[in-house]
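Hello,

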Amino acid sequence: MGMRKAIYTPFAQAVPNKPVIDRDHCLYFQKKKCRVCEKVCPTGAINYDQSDEEITITVGSIILATGYDTFNPSVIKQYGYGVYDNVLTGLQFERLNSATGPTGGRILLKDGKTPESVAILHCVGSRDKNHHPYCSRVCCMAGLKAAHLIREKTGADVYQMYIDMRCFGEGYEEFYERVGTNDGVKFIRGKAARITDQAQNDEEKGKLTVLVEDTLLSQILRIPVDMVVLLNAIEPRADAGEVARIFSLGRRADGFFLERHIKLDPIATMTEGVFIAGCCESPKDIPDTVAQAKAAAAEVMGLAARGTIQIEPITAYVDEDLCTGCGLCVSVCPYGAPSILEPQHKSKVNTALCKGCGACAGTCPSGAIAQAHFTYREIMDEIEGLMS
């Protein structure tokens, strides 16, 4: 979405808000010459010898706020993303519209002209059984915001193509009505089928044509526009599986991290002291993310103030006389609680990590592992009591 220098600040609100060097394009790292930035820096902050390092710290709790990735709409080939110049994703349009963006906030086409018509397509990759069946939640309001800005800055005709509008937040429904009534944005209830540059009449020449069925009118429409904005889905980070393995977290079928309870404890996880906040747990808007982040911070402060945590009483324990040290319990435990002690070569369970799931007890071939308050003898006694 624009050119940048080899030394740059990632974006206006970056944390930390400091410039970084692109090693792939810096003349010093490529050809061992230049070093101009080092010469002009008044504080001597440029360090060409700095390298990545790993730091180990001991903490009492962790908040995971790893964010999200966005769906790559190029896999939906009928939309022409990556083929046609003026087909953008929602985030690319945000960058184009930003005052710190490549055009200084002006909404322009690839050739530098101002668009006269724009189509905004909702649910690209979300609410779609071929890709992501869930709703990404932010797309409806992002589309309305984009439409309002386009109308305000360019006066272009704007077409919103949607399945249904989900304006659930405070003041959102009112904004939806304002965009339709005051701004004159045209709403077409239907999911776009295809985008093409093949013109069928003079009106479509030199434009992108969106084919869509208006389900309210029961008609197939061809809408010629200059620009198309694809509101692509929010999806889990590519490394979510590895993060979940490191912190012993569960994941839902959609790939997002699993909370302890969807209503009563939406920020805690099954691993004590590890909390989740933001879109790593599920797609959500900024107000929901802020609320969840504050709740996670409050939980951490509470743990720090108490100094201790309570753990569940039902945990696994090992009968060392029966344990053979085969290590099967270590391999099946999702929380990393069992380990093999040497030189005894016996298994031992870390009760602070154990969640009492019973996987190790069910796997142990010698019956050396049992769960506290849930032993084989207790189960048999309960069965006998029921039978009698």
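Which residues form a nonpolar patch on the surface? They are Y376, M380, I383 and M387, with about 470 Å² of accessible area together (Shrake-Rupley method, 1.4 Å probe, only the protein chains shown counting as cover for residues). Nonpolar side chains (Val, Leu, Ile, Met, Phe, Trp, Tyr) are joined into a patch within 5 Å, given over 30% relative accessible area and no salt bridge (Lys or Arg side-chain nitrogen within 4 Å of an Asp or Glu carboxyl oxygen). I383 is found in helix α10, residues 376-387 (a DSSP run of H or I, at least four residues). Its relative accessible area is 40%, so I383 is partly exposed (between buried, under 20%, and exposed, over 50%).

This is a predicted model: local features need pLDDT of at least 70 and side-chain atom pairs 80 or more, while totals for chains, interfaces and linings use all residues. Residues are numbered from 1 along each chain as its sequence is written, and side-chain values use heavy atoms, without hydrogens and water.

The largest pocket has a volume of about 800 Å³ (an open set of points on a 1 Å grid where a 1.4 Å probe fits, with protein on both sides within 12 Å along at least five of seven lines; lining residues have an atom within 4 Å of a point). Of its 27 lining residues, Y68, L91, V138, A142 and I286 are closest to the centre. α4 gives the most to this lining, five residues.

The second largest pocket, about 580 Å³, is lined by 18 residues, with P19, V20, I21, N47 and Q50 nearest its centre.

Regards

Definitions and conventions:
Patches are made of residues with over 30% relative accessible area and no salt bridge: like charges are joined within 9 Å, nonpolar side chains (Val, Leu, Ile, Met, Phe, Trp, Tyr) within 5 Å. Helices (H or I, at least four residues) and strands (E, at least two) are DSSP runs, numbered from the N terminus. Buried means under 20% relative accessible area, exposed over 50%, partly exposed in between (1.4 Å probe, protein chains only). Grid points are joined across faces, edges and corners, and a volume is the space filled by probe spheres set on the points.
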